[in-house]
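Please read the following account with the sequence and the model side by side, moving from one contact to the next as the paragraphs do.

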Amino acid sequence: LIDVWFDSGAMPFAQYHYPFENQEYFKENYPADFICEGIDQTRGWFYTLHAIGSMLFDQVAFKNLIVNELILDKKGLKMSKSSGNTVDPFILFDKYGVDATRWYLVTTSPPWKPTLFDEEGIVEVQRKFFGTLVNTYNFFVLYANIDKFNFAEEPVPYKERPEIDRWIISKLNTLVKEYDELMSAYDVTKAARLVSSFTIDQLSNWYVRRSRRRFWKSEMNSNKLSAYQTLYECLVTIAKLTSPFAPFIAEELYQNLNLATKKEKFESVHLADYPITTYFETELEEKMDVAQRVVFLTRSIRAKNNLKVRQPLLKMMVAVDKSRREALQKMSEVILEEVNIKELIVLEDDSAIVNKSAKPNFKVVGPKYGKLVKSLTIAIKELDKNAIIALEKRGEYELTIEGQLLKISREDVEIVSHEIEGWIVETEEGITVAIDTELNEDLIAEGYAREFVNRVQNMRKDAGFDVIDRINVSYASEAKMIEFVSKFSDYISREVLADSLKPEQDIQGFKQEFKIGDYDCTIVIVKA
């Protein structure tokens, strides 16, 4: 050992015993693609590698560098034993797992920025990302085992798959492409966040939820087979993309999936080839994106105004720009199903759902128009709906004031929006959504029926019934609740797999009592 820093700088060739042996291997692997160490090595290892590399080989020792900044406490203070704010990583590993801890550190901030460590962040990562990923995997395994799916059949061609399958496969390929670009640029934080967002928002909260009924069906047809093959491909690909950051759960998922199908020859996810992008349907992705934006905004309106999603509503109106109007019309069925509303009307602008009035922006018009301001104020306040729409679209509007022709601009005017009575209206990112809040008897009855279904489904879980078990349902409640349930008895029976649904008293079985809206209700379920 000559010197510790010379020794660190000699690492690239010393590890191969170069130049005494492995000369070709060394030349093929030098300089390194990247190295990774803490910020404190800037004047240490980072420097000595380049210094010795330059002296001996007249070139840099590495092409890229991922530098790890300090990990601070959640208040931004440096961790120290004297301050009592240090964290024992092994306690975290025992409590949350190595993968969750690593994923939190990678996704919370880029490695080259100081990380404000908060243990609650690991809890959130464990619940949102890993919880969602495991639940999606468990959902697949549950039904795959029931149907004995092992991918023995020929893959259904992408173009022949249902629209929802084509969409998620295209989104998956877009993810793989963008992930590759980010990893190639060593932007590991954005890459991991992409995987998390896709898994939670696109795969679980949209694709799986919208495809559940296809897995529930008893017969194995091309539609159901396509759903299995699509979800399998998504899970295997996510395992591969997750593996650099969460190696253990990625390996578990990959081994379990591949063991059942033997689709790939690799012994480990860490030895598997990177996924190849094969299918893109950009227009479909854009259509679904418009639908999702409308759905999320509508759900937000419901949540803020205490309108439960299980309560169906009669009508909604949506105003978007021309480029998104056709996509919105094509996805209307998806949107209505997601937000539980009966009718969607697509508008060219928001004039039909928002009453607008105008008033002058005195900070602008005062200095701009001087003595004409008083007359201009009256004229602006008298602008009708069509004039206000024209001003918004063109950015200017002509008015004759005291014999002078003035071109008022958008900044001259404050436009005030007023909701139409009986409707709730909100605008976000160029999309305006209005929902009709008035309820008739049929809508109220259907809302109660959906709540009844929810209670029975939860009872099935609590009773430990299998997802394919047929049941008989008995219930006791007030006359109005019985009327609501009877009116939608066919719908309820289909949803909960009930052979019978009867308003009866004193029936033996698994029993629970509920408060559904304004009515007390006792429900009993037994296996059919």
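Glu 124 and Lys 128 stand four residues apart in helix H7 (residues 119–147), which means that about one helical turn separates them. In this predicted model, the two residues form a salt bridge whose closest N and O atoms are 3.7 Å apart, a distance that falls within the 4 Å cut-off applied to such pairs. Neither end of the pair is buried: Glu 124 is partly exposed, with a relative accessible area of 38%, and Lys 128 is likewise partly exposed, at 37%.

Side chains of opposite charge can pair when their charged atoms come close, and a search of the whole structure finds 35 salt bridges. Two of the pairs involve helix H12 (residues 282–304) and the region of strand E11 (423–428). In one, the side chains of Glu 429 and Arg 293 meet with an N to O distance of 2.1 Å; because Glu 429 lies in the loop between strand E11 and strand E12 (431–436) while Arg 293 belongs to helix H12, the pair ties together parts that are 136 residues apart in sequence. Glu 429 counts as exposed, at 56% relative accessibility, whereas Arg 293 is partly exposed, at 32%. In the other, Lys 304 forms a salt bridge with Glu 426, with 2.8 Å between the closest N and O atoms, and this pair links Lys 304 in helix H12 to Glu 426 in strand E11, 122 residues apart. Lys 304 is exposed, with a relative accessibility of 56%.

Two packed helices are described by the angle between their axes and the distance between the axes. Helix H9 (residues 188–216) and helix H14 (residues 332–339) pack at an angle of about 90 degrees, and their axes are 12 Å apart; the two helices are therefore roughly perpendicular to each other. At this contact, Trp 206, Arg 209 and Arg 210 of H9 meet Val 334, Glu 337 and Glu 338 of H14, so that the residues divide into two nonpolar, no polar and four charged. Arg 209, Arg 210, Glu 337 and Glu 338 are also, together with Arg 299, linked in a network of salt bridges.

Leaving aside residues up to four places away in sequence, Thr 101 touches Leu 92, Phe 93 and Ile 122.

Methods
Residues numbered from 1 in each chain as written. Predicted model: local features only at pLDDT ≥ 70, side-chain atom pairs only at ≥ 80, totals over all residues. Heavy atoms only, no water. Axes fitted to C-alpha atoms, helices over the stretch in contact; angles between N-to-C directions. Parallel < 35°, antiparallel > 145°, perpendicular 65-115°, else oblique. Contact = heavy atoms within 4.5 Å. Buried < 20%, exposed > 50% of the residue type's maximum accessible area, 1.4 Å probe, protein only.
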